[in-house]
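Hello,

Here is the structure you are taking over. My notes follow below it.

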Amino acid sequence: MGNARSGAVSKEILDELKLHTKFTESELSQWYENFQQQCPSGRITSEEFEKIYERFFPDSDAKTYAQHVFRSFDTNDDGTLDFKEYIIALHMTSTGKMAHKLEWAFSLFDVDKNGYITKSEVTEICQAIFKLIPKEKQLQLPSDENTAEKRANKLWSYFEKRDNERLAEGEFIKGVLENENALRLIQYSPDK
């Protein structure tokens, strides 16, 4: 691939990212400069990614969730994200099209990357999402959503699967699109 150490992002990557995301060339260039300053190696580690997430969620524990998000975007499993993987991660989690967001959400919940989601994986991610919710907000949650386990049970119920069954990507996306509550439960936005 060859390292473009000049501090400018390659035309090829820019074009690809402009095509796949809503970001403008100037936004991408700005982010690339920041990325190069924070990560001179041109790669971002899981720990560095966690620090970025902590800035988004100052009032809660974002570490576990950040690790899961990182895993879902580290497509080649090398333990780092390059600039492209990083921007796509930012885009998917913030402004992506619903269909792409749900494809990404599936990969987030598919903890072992085997192409299916089990109830225990749903519970694991619900626990990570729950930690993102500040303590005082947790107290205001409805009684069937005020623990990670209750949220996982509620979310799983929308897919009409038994506890020992597994869920394919199409079924996951369909279940979420058909249930606003499911859509709400697979994410947490601090600005709400």
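Which charged end sits over the ring of Tyr116? The charged end of Arg166 does, 3.5 Å from the ring centre. (The criterion is NZ of Lys or CZ of Arg within 6 Å of the ring centre and within 35 degrees of the ring normal.)

First, the ground rules. This is a predicted model, where local features need pLDDT of at least 70, side-chain atom pairs count only at pLDDT 80 or more, and totals for chains, interfaces and linings use all residues. Residues are numbered from 1 along each chain as its sequence is written, and side-chain values use heavy atoms, with hydrogens and water left out.

Confidence: the protein averages a pLDDT (the predictor's confidence in each residue, from 0 to 100) of 88. Of the residues, 94% score at least 70. Residues 1-6 fall below 50. Beyond near neighbours in sequence, that stretch has four contacts in the model (heavy atoms within 4.5 Å). Where pLDDT is low, the predicted coordinates should not be read in detail.

Aromatics: the whole structure holds 15 aromatic pairs. Rings of Phe, Tyr and Trp (its six-membered ring) pair if their centres lie within 6.5 Å; planes under 30 degrees apart are stacked, over 60 edge-to-face, the rest tilted. Phe109 and Phe172 are tilted, because their planes stand at 45 degrees, with centres 5.8 Å apart. Phe109 belongs to helix H6 (residues 98-109) and Phe172 to helix H10 (residues 169-178), so the pair ties together parts 63 residues apart in sequence. (Helices, H or I with at least four residues, and strands, E with at least two, are DSSP runs numbered from the N terminus.) Phe109 is buried at 0% relative accessibility, and Phe172 is buried at 1%. (Buried is under 20% relative accessible area, exposed over 50%, partly exposed in between; 1.4 Å probe, protein chains only.) One aromatic cluster takes in Phe49, Tyr53, Phe56, Phe57, Tyr65, Phe70 and Tyr188.

Helix H7: residues 119-132 make up its 14 residues. From first C-alpha to last, H7 reaches 20 Å, close to the 20 Å expected at 1.5 Å a residue (1.5 Å times one less than the number of residues). Of the 14 residues, 10 are buried, so H7 is largely enclosed by the rest of the structure. Among them are Lys119, Glu121 and Phe130. The buried residues pack against several elements, including helix H4 (63-73), strand S3 (116-117) and helix H9 (148-157).

Cysteines: zero disulfides turn up in the whole structure (cysteine sulfur atoms within 2.5 Å). Cys39 is buried at 2% relative accessibility. Cys126 is buried at 1%.

Best wishes
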